[in-house]
Amino acid sequence: MHCALYDANRCRSCQWLEKPYPQQLTDKQSWLEQLLAQQPVAQWLPPITSPQQAFRNKAKMVVSGSVERPVFGMVQRDGEAVDLCDCPLYPASFQPVFAALRPFIARAGLTPYNVARKRGELKYLLLTESQQGGMMLRFVLRSTTKLAQLRAALPELQQQLPQLRVISANIQPVHMAILEGEQEIALTPAQSLAENFNGVPLWIRPQSFFQTNPQVASALYATARQWVRELSVTSMWDLFCGVGGFGLHCATPEMQLTGIEISAEAIKCAQRSAQMMELEKVQFAALDSTAFATGRDAVPQLVLVNPPRRGIGAELCDYLSQMAPDYLLYSSCNPQTLAQDVVRLSDYQISKVQLFDMFPHTAHFEVLALLTRQLR
């Protein structure tokens with residue numbers, strides 16, 4: 001993939017861009033095999049590849065510059081603003097949105113936030129696109145001072161960009177490198193963006209996590225569904241479930257499934273999807289996954305975990321080892337913590353493992369591993 005920003009040394013987010021893509025995959029697979037070298041793996045499946053460009057469904061843009069000439073992208077440590085609108089990771093559909101937003105910011109009087117001076121209102125623009133064609137736009141503001149002006153200017157923007165189905169303002173008053181605050185203000189009647197992976201309806205809300213590489217995410221969910229169906233289990237937990245992608249893919253009308261996620265916004269999405277699919281034996285709750293699991297006296301046949309980068313940790317590993325479900329399905333965005341957790345789960349063997357290249361041109365990737373309890 002060619003990137004003028006990389007060649008000009010203005011953005012180095014894609015650290016592996018000079019490495020040929022086949023070599024990237026080889027290096028990632030080799031590292032994963034090294035991390036799991038002490039654990040017997042019954043079956044290694046070939047890596048799932050990604051498009052090399054235009055694969056991202058989300059842009060996180062720092063807004064800098066002036067109200068008349070805003071810059072969307074990032075700010076270097078020396079304070080220099082770098083325009084990332086031409087980043088080749090973004091689909092072509094983002095370009096007309098970025099182009100329309102520049103004059104809109106002036107019309108709405110949204111002065112870009114200046115970190116050094118601690119002045120201004122508009123900190124970030126967050127743009128997400130569904131495979132269904134709709135988009136969600138979020139304005140991250142320092143305060144509600146310009147909210148009335150933003151509302152007044154929106155109708156013209158919506159007429160110009162009808163693909164913007166969901167628009168909101170997030171209030172982030174803290175003078176730190178924190179992407180968003182707790183307060184989200186809806187600016188459109190719709191506050192959920194419709195998505196669909198493999199025939200499963202999913203919903204994206206402003207403050208809920210969603211995968212940024214839909215093609216690889218679709219393959220990840222479909223693989224999990226296939227592996228679970230082969231096990232013929234009738235009860236399952238989906239811990240750290242997000243908007244329910246894994247659980248909704250794996251569920252059948254007969255399966256008892258409970259999905260747990262700390263984010264109430266994500267749980268609202270999961271519940272809506274389950275209702276649409278008429279899955280009466282599936283339930284989702286906004287709770288801490290470790291606290292939920294360790295507070296139960298029994299476990300289902302299969303426990304699926306999709307934790308943040310820190311992994312599931314010693315407490316949950318100890319609980320699962322003690323309660324001994326037949327299977328664990330572990331999806332990880334950090335193979336190092338996956339390897340640490342697998343060591344703790346000494347009563348389980350890795351039946352199969354597969355790498356999903358969710359983040360091309362970087363050292364990051366996703367892993368799916370099926371662990372089967374060994375009878376002693």
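Is Met135 buried or exposed? I began with this residue in what is a predicted model, and I found Met135 buried, because its relative accessibility is 1%, which falls under the 20% limit.

**Entry on Met135**

I placed Met135 in strand 6. Leaving out residues up to four places away in sequence, I listed what Met135 touches: Ser93, Phe94, Val97, Leu127, Thr128, Glu129, Gln163, Leu164, Arg165, Val166 and Leu193. I also looked up the separation between Met135 and Val367, which are 232 residues apart along the chain, and noted 28 Å between their C-alpha atoms.

**Entry on salt bridges**

How many salt bridges does a search of the whole structure find? I noted 13 of them, and I went through some pairs one by one.

I looked at Glu121 and Arg142, whose side chains meet in a salt bridge with an N to O distance of 2.7 Å. Glu121 sits in the loop between helix 3 (95-108) and strand 5 (122-129), while Arg142 sits in the loop between strand 6 (135-141) and helix 4 (147-160), so this pair ties together parts that are 21 residues apart in sequence. I recorded Glu121 as buried, because its relative accessibility is 5%, and Arg142 as partly exposed, because its relative accessibility is 29%.

I then turned to Glu184 and Arg138, whose side chains also form a salt bridge, at 2.7 Å from N to O. Glu184 belongs to strand 8 and Arg138 to strand 6, so the pair ties together parts that are 46 residues apart in sequence. Both Glu184 and Arg138 are buried.

The next pair I took was Asp341 and Arg344, a salt bridge in which the closest N and O atoms are 2.7 Å apart. Because Asp341 and Arg344 are three residues apart in helix 10, about one helical turn separates them. Asp341 counts as buried, because its relative accessibility is 1%, whereas Arg344 is partly exposed, with a relative accessible area of 35%.

I searched the whole structure for disulfides and found zero. Cys85 is in no disulfide, and I noted that the nearest cysteine sulfur, that of Cys87, is 9.8 Å away. I recorded Cys85 as buried, because its relative accessibility is 2%.

Cys250 is buried, with a relative accessible area of 0%.

**Entry on the annotated binding site**

From UniProt, in an unreviewed entry, I took the feature "binding site" at Cys3, Cys11, Cys14 and Cys87. Although these residues are spread over 85 residues of sequence, they cluster in space, the largest C-alpha distance being 10.6 Å.

I placed Cys11 in the loop between helix 1 (4-7) and helix 2 (21-35), and I noted that Cys11 is buried, with a relative accessible area of 14%. Not counting residues up to four places away in sequence, Cys11 touches Leu5, Tyr6, Met74 and Leu84.

Cys14 is likewise found in the loop between helix 1 and helix 2, and I recorded Cys14 as buried, because its relative accessibility is 12%. With neighbours within four places in sequence set aside, Cys14 is in contact with Tyr6, Leu89, His361 and Thr362.

**Entry on the annotated active site**

Which residue does the UniProt annotation "active site" cover? The unreviewed entry gives Cys333, and I placed Cys333 in the loop between strand 15 (327-332) and helix 10 (335-344). Cys333 counts as buried at 18% relative accessibility, because the limit for buried is under 20%. Apart from residues up to four places away in sequence, Cys333 touches Pro307, Pro308, Arg309, Phe365 and Glu366.

**Entry on a surface patch**

Last, I looked at the surface, where Val174, Met176 and Ile178 form a nonpolar patch with about 260 Å² of accessible area together. I placed Ile178 in the loop between strand 7 (164-171) and strand 8 (183-186), and I recorded Ile178 as partly exposed, because its relative accessible area is 34%.

Notes: Residues are numbered from 1 along each chain as its sequence is written. This is a predicted model: local features need pLDDT of at least 70, side-chain atom pairs count only at pLDDT 80 or more; totals for chains, interfaces and linings use all residues. Side-chain values use heavy atoms; hydrogens and water are left out. UniProt positions are given in the numbering used here, feature names are shortened, and annotations may be inferred rather than shown by experiment. Helices (H or I, at least four residues) and strands (E, at least two) are DSSP runs, numbered from the N terminus. Buried means under 20% relative accessible area, exposed over 50%, partly exposed in between (1.4 Å probe, protein chains only). Contact means heavy atoms within 4.5 Å. Patches are made of residues with over 30% relative accessible area and no salt bridge: like charges are joined within 9 Å, nonpolar side chains (Val, Leu, Ile, Met, Phe, Trp, Tyr) within 5 Å. Accessible areas come from the Shrake-Rupley method with a 1.4 Å probe; for residues, only the protein chains shown count as cover. A salt bridge is a side-chain nitrogen of Lys or Arg within 4 Å of a carboxyl oxygen of Asp or Glu. A disulfide is a pair of cysteine sulfur atoms within 2.5 Å.
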